[in-house]
Amino acid sequence: MAVIAVFGGTSEGRSIGEALKNTDITVHMCTVTEYGTSLVPQGENIITHTGAMNEEEMENFFDEISPQLCIDATHPYAQNVTENIINACEKKNIENIRVLRAEGQEKGGVIYRESVKSAVEFLKKTEGNIFITTGSNELEKYCEIDNYKERCTARVLSSANVIEK
């Protein structure tokens, strides 16, 4: 039976899980948060893993599950995670595919940008409310937007240090 590792609690990751559920492929869906795991499609062949992994932990994980393919469907701004996936896949000789949203792609009124910097530059030239889902690590970059306190709402994890930030 084929084994695939999928990293990402993103909509792209969920779509991949949905497409592969109830197939003869064992799919290991890896998300960082419990919330991300709760959104993973359910199927007899879907196995979920919750928690962040560094490069070494990914290598150990690959040794345990022996995947033939790794799909990186992590958040477009999660560059450190992508780098760890690439390195771990290279060391373990596992084919790796990166799934990305196209810059400027609009879907349901949502416009995707290549980076937070690109998003902020785009948003500086717009009006209206902004819903931020990039996470807390890069939240301060949005402070460059005029009236950011009135315009911006951030969706972040409910941990004390993130809320304080």
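In which loop is V32 found? V32 lies in the loop between β2 (26-31) and α2 (34-38), where helices (H or I, at least four residues) and strands (E, at least two) are DSSP runs numbered from the N terminus. The structure is a predicted model, in which local features need pLDDT of at least 70 and side-chain atom pairs count only at pLDDT 80 or more, while totals for chains, interfaces and linings use all residues. Residues are numbered from 1 along each chain as its sequence is written, and side-chain values use heavy atoms, with hydrogens and water left out.

V32 has a relative accessibility of 55% and therefore counts as exposed; the classes are buried (under 20% relative accessible area), exposed (over 50%) and partly exposed (in between), with a 1.4 Å probe and protein chains only. Leaving aside neighbours within four places in sequence, V32 is in contact with T50, G51 and A52, contact being heavy atoms within 4.5 Å. The C-alpha atom of V32 is separated by 20 Å from that of L69, a residue 37 places away along the chain.

The protein as a whole contains 7 helices and 9 strands. Its C-alpha atoms fill a box of roughly 55 × 30 × 25 Å along the principal axes. Of its 165 residues, 38% count as buried. Among contacts between residues at least 6 apart in sequence, 48% join residues at least 24 apart.

A nonpolar core is a set of buried Ala, Val, Leu, Ile, Met, Phe, Trp, Tyr and Cys residues joined through side-chain atoms within 4.5 Å. The largest such core has 14 residues, of which A5, F7, M58, F61, F62 and C70 touch the most other members. Two or more residues each come from β1 (3-7), α3 (55-65) and α4 (79-92), and α3 gives the most, with 4 residues. Another core, of 12 residues, lies apart from it and includes I4, V6, M29 and I71. Beyond its neighbours within four places in sequence, C70 is in contact with A5, F7, F62, I85, C89, I94, E95, N96 and I97.

A disulfide is a covalent bond between the sulfur atoms of two cysteines. With a disulfide taken as a pair of cysteine sulfur atoms within 2.5 Å, the count is 0. The cysteine sulfur closest to that of C143 belongs to C152 and is 8.0 Å away, so the two are too far apart for a bond. C143 is partly exposed, at 39% relative accessibility, whereas C152 is buried, with a relative accessible area of 18%.
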